[in-house]
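Hello,

Here is the structure I promised to pass on. Please open it alongside this message, and my notes follow below.

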Amino acid sequence: MKFRRNIARSAMSHTSAFAPAIFAATIALIVVWVATNWRLEKSLADERSIVAGELATISSRLQTNLNSNVKLLQGLAAGIAVNPTMDQSGFSKLAAQILQPDSQLRSFAAAPGMVVRWVYPEKGNEKAIGLDYRTNEKQRPAAMLARNTHNIVLTGPVELVQGGTAFVVRCPIYITEGTSQIFWGLLSGIVDIPKLYQESGLGSTELEIAISTVPEPNAANQVFFGSLETFSKKPVQTSVDMVYGRWTLAARPKQGWGQNNGIGTFEFYAILLSLCVVAPIVWVGFLTRSRQGTIEKLRLHKKKLVRAQQRLEYLSLHDALTGLPNRRFVDRMISQPPRPSPDDCLILLHIDLDRFKEINDTKGHAGGDTVLQATASRLADLAGPNDVAARIGGDEFIFASWSTNPEPKANVLAQQIVDTLEQTLFVDGAECMVGASVGVAWETERAGERDLGQLLLNADLALYEAKKTGRGRAAIFTEELRSAAIHSKELADEFNQALDGDELVAFFQPQFNAKTLEIVGVETLARWNHPRKGLLAPDKFLDVADRLGRTGDMDRQILQKALFELTRWDRLGMQIPRVSVNISARRLAQPNLLAELSELPLASGRVCFELLETISFDDFQPVLNEIIPAVKELGIEIEIDDFGTGHASIVSLLRFEPRRLKIDREIIKPIIASPSQRRLVTSIIEIGRSQNIDIVAEGVETMEHAKILKDLGCHILQGYALARPMTSEQLIEFCRVKHKGIAGAGR
């Protein structure tokens, strides 16, 4: 009995000794279990969020592409409604103007009276001619639906009479006879399915995607892209809502959910951490070491500390992504140059990638990182024993070298870098061309004090010059560049003072009715009354205003001056129907624009904002979608300026419904001697007429220009042949003389 009690006491003693360790181990297991479940749920949520983001992007692209195609079809339908009696030749000519090379639309078919009579292009679509939608059982339901509902109908994939499958967009056309709307027929657009899928991103994704015509498909024929099974695998879903239908998109990773959540690695480190907590408690009684062992341990720790310090120092001087030296390394090199020999001069080449932003926008940050790593590798391959290739931030790199004769070596290095970085590289399996611009500067003396910090600034100036004069090239620093930079800084300071000191003045150029030559409006033009240089035209200060970010302030001042003069002209009894002012993208994006405009004395239809066509309608799409309708509500008209020089599409014009379209002077100038230019102007006028948009021709330099434009059907003329830009006082006198001349002619 006593023996048994001793055994029990011994067991209890051992148990109590390890009780803290058992308790700690239990807590650690619970924490690991809870943390694992939490991380698993978070990882799945993050994964679904990523998939949802990619699917939203694809959905947006798909909807945008479909809407773009529909807008083009509507544009062609509007042209047919204007001239419903056209023949095949007229239809082909109009369709050729509407159909864009980059559109997913590959052909059109017009069916007056529900029977296909005209097709474009004719080649390859001959079999479609004569197709009667009323008797074709496969296409009759969609055709009748478009006719009966007066709406656009999208069907597909559809087997075409001329062969192949495609999505078909059908648009009913009604023509006006008196006060009635008469059904003319149908216009069909054939959408290229592979091109639509490819340009919408469906062909280049790691997702398993399915698209259905119903929200919850239960049959295979309801899914026209992907597999019905995708909808049963807990996918992320979204929809593409269109006036002419709704598609449901479902997506999941091709490998399935939770394949890359890293739970196994997390559990391993969590258990390892738990052991690190529990093990010292278990072995606390056995961690007695001799003095020599302690000294040895301290010595080993000291070595690790030295290695860690060395590692930290290396990381502080090198870029984590590319492994190249960083900006801190370059600054140290310049402050304490490791000159190979006393006579060597330092050469600095500042490199900036040309199309890196496009890669980032299209391929994402992962694609951008691939480009940066490839660039770093190519620069490192060019570096010699004493050369340094460094990344100083973003897509900017520095290449440093030494030479006793720096100029020829700098030129050779610059050309080698430009040629090397122009070579094709692959991002996500696709070929990409990036290219680079290079600014070059070197020391001009071999002894004495050298300001190497200024040398880096010189390379920056040369890089700016390379960017300004054309990408994919190198520019050498010169003293002229420094002088230009100083002049630019002085001009910027003076322009800031000009805005604050009210030195900007408004000039006005009249616009005339092409038929009667009566004044129908004036365009307001900014001039700078410089205290020393006199009156400066916009080409002398617009770039400065843009760099300073003060184009919005300039537009505000000119608008206020124009409104003041308009009020003054009204009091004098002048007949100035409308005043136009230019508005910049920066001004459009200002959050307080509408509040400021609502406080101004704006008469409806008497103020017009001119938007340069060179404003990127895609880049400013969200701003324009919100601001343009609100500006119109205030009674301000919208006009597209310099049409033909930028990249506004017909779709963009239809979207924002401008009141007028101003053809650029470079298109107008050659119409006297060039029949092709006259045909181009005629096409623009026809498009404007079909959309109820007035056409303004600027740059009318001779009365022969005026006569030709009048005969072509242009509405409004502006140019030196009729009137030059003038001050308000000069405009008042101009109108007085013109009115007096008209009155005299009447007598």
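**The antiparallel sheet**

Strand E4 (residues 165-177) and strand E5 (residues 180-191) run antiparallel and are joined by 11 bridges. Within that pairing, Ile175 has Ile182 in E5 as its bridge partner. A quick word on the basis: this is a predicted model, in which local features need pLDDT of at least 70, side-chain atom pairs count only at pLDDT 80 or more, and totals for chains, interfaces and linings use all residues. Residues are numbered from 1 along each chain as its sequence is written, and side-chain values use heavy atoms, with hydrogens and water left out.

Helices (H or I, at least four residues) and strands (E, at least two) are DSSP runs, numbered from the N terminus, and two strands pair if DSSP finds at least two bridges between them. By that rule, E4 and E5 belong to an open sheet of five strands with antiparallel pairing, in the order E2-E1-E5-E4-E3. Its edge strands are E2 (118-120) and E3 (153-159), each of which pairs on one side only. From one strand to the next, the twist averages 25 degrees.

Two helices lie across this sheet. Helix H3 (residues 88-98) lies across E1 (105-112), E2 and E5, at about 35 degrees to E2. Helix H4 (residues 140-149) lies across E3, E4 and E5, at about 35 degrees to E4. Axes here are lines fitted to C-alpha atoms, for helices over the stretch in contact (heavy atoms within 4.5 Å), and angles run from 0 to 180 degrees between N-to-C directions.

**The mixed sheet**

A further open sheet has five strands in the order E11-E12-E10-E15-E16, and here the pairing is mixed. Strand E11 (388-393) and strand E16 (474-476) stand at the edges with a single partner strand each, so one side of each has no neighbour in the sheet. The twist averages 20 degrees from one strand to the next.

Strand E10 (residues 345-353) runs antiparallel to strand E15 (residues 436-442), with seven bridges between them. One of the residues to look at is Ile351, whose bridge partner in E15 is Val438. Helix H10 (residues 406-422) lies across E10, E12 (396-403), E15 and E16, at about 20 degrees to E10. Helix H11 (residues 452-469) also packs on the sheet and touches E10, E12, E15 and E16, its direction making about 145 degrees with that of E15.

Do have a look at Asp395, in the loop between E11 and E12. Asp395 is buried (under 20% relative accessible area, with exposed meaning over 50% and partly exposed in between; 1.4 Å probe, protein chains only). Leaving aside neighbours within four places in sequence, Asp395 contacts Ile351, Asp352, Leu353, Phe356 and Leu372.

**Salt bridges**

The structure holds 27 salt bridges. One of them pairs Arg606 with Asp570 at 2.7 Å, N to O. That pair links distant parts of the chain, 36 residues apart: Arg606 is in the loop between helix H16 (593-598) and strand E21 (607-612), and Asp570 is in helix H14 (residues 551-571). Asp570 counts as partly exposed because its relative accessibility is 35%.

Lys662 and Glu610 form another, with their closest N and O atoms 3.1 Å apart. Lys662 lies in strand E23 (residues 660-663) and Glu610 in E21, so the pair ties together parts 52 residues apart in sequence. Both Lys662 and Glu610 are buried.

**Nonpolar cores**

A nonpolar core is a set of buried Ala, Val, Leu, Ile, Met, Phe, Trp, Tyr and Cys residues joined through side-chain atoms within 4.5 Å. The largest has 55 residues, of which Trp569, Phe609, Leu611, Leu709 and Leu717 touch the most other members. H14 gives the largest share of this core, five residues. Apart from it lies another core of 46 residues, including Leu62, Val169, Ile209 and Trp247.

Best wishes

How values were computed: Salt bridge = Lys/Arg side-chain N within 4 Å of Asp/Glu carboxyl O. Lys, Arg positive; Asp, Glu negative; His and termini not counted.
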